[in-house]
Amino acid sequence: MSSTLLEVTRAAHEDVERLERLIVKDLQNDPPTTKDGLYQSHRVRNNIDTIISTAEKLVEIYEDKDNARKDEIAALGGQTATGVNVFSAFYDRLKEIREYHRKHPAARVVDANEEYEDLLKEEPVIEFSGEEAFGRYLDLHELFNQYINSKFGAKIEYSAYLDFFSQPHNIPWKLKSTRQYREYMENLLEYLIYFFQRTEPLQDLDRIFSKLEAEFEEQWANGQVQGWEKQGQENEDDPAQLTMIDLDYYSTVEELMEVGPEKLKEALAALGLKTGGTVQQRAERLLLTKHTPLEKLDKKHFAKGSHGPRQNGSTAVSQDINSLKQIALVEAKMKKLCDLLSKTIEQTKENVVKKQALTYEEMEQEREEEETQVDTESDDEDQQIYNPLKLPMGWDGKPIPYWLYKLHGLGQEFKCEICGNYSYWGRRAFERHFKEWRHQHGMRCLGIPNTKNFNEITNIQEAQELWEKIRERQGVNKWRPDLEEEYEDKEGNIYNKKTYTDLQRQGLI
């Protein structure tokens, strides 16, 4: 029975209110795992988008450009072409309702709240690659390949690229004027935006970028954009001086020749003139434009394939600067996203470095442990934990007993120099870390096997001294004449003492 415009309006307002209450109810639930939290954020985002679209429809109805709403309100008041008749309008509407229920006798009232409650259990489809691990890490391998195979890039490792990609100001700006760099930056920005929208759906990215663009315009006008600062006319890195030379400072060909052949060539190319010849010929050709407009120059001075004489060179410079400005804006947006995703970038670096030191079997085992941990977290109760004494959590996710805390010193901090001065809280965590990857990797870097002999050893120097004692005790460093003393026969062959003696007894030497 929502055929009338007023009924559609009422139903739309009701939908908006239901969705608002649903969002509040959803946000009141504390998600037990990161995955559930991401699902919750996307559900809320979808409901907000639905509210926005419904509100836009309501605005169109209230604007009433075709006067349909006004006519329907008038019809409810009994206004017809023949006059005002309230009773006639009432009985016509009653007849319409009866006719509807006569045609649909099995129609029942549906509780819309049940349908909306099902939305709280919905798990939105979020696409992540295997490398992204459901939003925990970035997957920049395609952009990394694009970077190392470009002219502005360098042959570096993927782990080093993760430190470098967020610092485009370290690339010389002359290399940034190419189409290849523009495409790379646009692809990088597109990926970061897509990743941010999947992992932070409740953030208003348009609002962030609008504020950023306002700040960028002010910084660009003052020459304060990082990597694009104005440094005076004498600086060759100033974008405004890329192709143009102020001829007011030069009166002779000899003075203009001091600028250099490359800069003269760039200035001539910007004006569409020929760039060949000696330095003197280039200077003479460029000096002609000081007092003679380009449209009055002889066509022989212009390069083949150019679009003919230009009225002045400011148009080319303006286009170059606008192009560089757009690249600088893309860089600014990329840097802003890197700031917002700084924690994810750090986790990605740690994950890449960690994988480089693991074998395939260890990586598979770690992946299985992560999946098991996620399943265990999802089975935990949603109740809030009461912990006024701020005791450490036990294996079951609940605070340990106070007597156990005092007896075993679980609140005590243990630092391990071999693990990079990492802190372990509690005796149990400290003892367990000797079997973990972090400690094993540190021992491996020192060239020491991670055996039981090195339990409780957290100092690098102590570990090295103990390893030397073990090697001496095992006889690794002792002088063994039978194996290490060398003998030479008449033919110049070298043997150790034991082999030489055996061969001599057999009469072979």
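## Helices H6 and H8

Helix H6 (residues 141-148) packs against helix H8 (residues 179-199) at about 165 degrees, with the axes 11 Å apart. That angle makes H6 roughly antiparallel to H8. Angles under 35 degrees count as roughly parallel, over 145 as roughly antiparallel, 65 to 115 as roughly perpendicular, and the rest as oblique. Axes are lines fitted to C-alpha atoms, for helices over the stretch in contact, and angles between N-to-C directions run from 0 to 180 degrees. The crossing of H6 and H8 is left-handed (the near helix is turned anticlockwise from the far one by less than a right angle; clockwise would be right-handed).

H6 contributes Leu143, Gln146 and Tyr147 to the contact, and H8 contributes Glu183, Tyr184, Asn187, Leu188 and Tyr191. Contact means heavy atoms within 4.5 Å. These residues of H6 and H8 divide into 5 nonpolar, 2 polar and 1 charged. Here Ala, Val, Leu, Ile, Met, Phe, Trp, Tyr, Cys and Pro count as nonpolar, Asp, Glu, Lys and Arg as charged, and the others, Gly among them, as polar.

## Model and chain

This is a predicted model: local features need pLDDT of at least 70, side-chain atom pairs count only at pLDDT 80 or more, and totals for chains, interfaces and linings use all residues. Residues are numbered from 1 along each chain as its sequence is written, and side-chain values use heavy atoms, with hydrogens and water left out.

The protein chain has 21 helices and 4 strands. Both are DSSP runs numbered from the N terminus: helices are H or I of at least four residues, strands E of at least two. Of its 509 residues, 31% count as buried. Buried means under 20% relative accessible area, exposed over 50%, and partly exposed in between (1.4 Å probe, protein chains only). Among contacts in the chain with a separation of 6 or more, 52% join residues 24 or more positions apart.

## Nonpolar cores

The largest nonpolar core holds 46 residues, and Leu140, Tyr161, Phe165, Tyr184 and Leu192 touch the most other members. Two or more residues each come from helix H2 (34-63), H6, helix H7 (158-164), H8, helix H9 (205-221), helix H13 (314-340) and helix H14 (342-356). A nonpolar core is a set of buried Ala, Val, Leu, Ile, Met, Phe, Trp, Tyr and Cys residues joined through side-chain atoms within 4.5 Å.

Beyond four places in sequence, Leu192 touches Leu138, Phe165, Met334, Leu337, Cys338 and Leu341.

## Helices H11 and H12

The axes of helix H11 (residues 261-271) and helix H12 (residues 279-287) come within 10 Å and cross at roughly 40 degrees. That makes H11 oblique to H12. The crossing is left-handed.

From H11, the contact uses Pro261, Glu262, Leu264, Lys265, Ala267, Leu268 and Leu271; from H12, Val279, Arg282, Ala283, Arg285 and Leu286.

## Single residues

Leu5 lies in helix H1 (residues 5-28). Leu5 is partly exposed, at 24% relative accessibility. Not counting residues up to four places away in sequence, Leu5 touches Ile61, Ala68, Arg69 and Glu72. Leu5 and Ile61 are 56 residues apart in sequence, yet 8.1 Å apart C-alpha to C-alpha.

Most residues other than glycine have a negative phi. Asp64 has a positive phi of about 50 degrees. Asp64 sits in the loop between H2 and helix H3 (68-76) and is buried, at 14%. Phe134 has a positive phi of about 55 degrees. Phe134 lies in the loop between helix H5 (112-118) and H6 and is partly exposed, at 27%.
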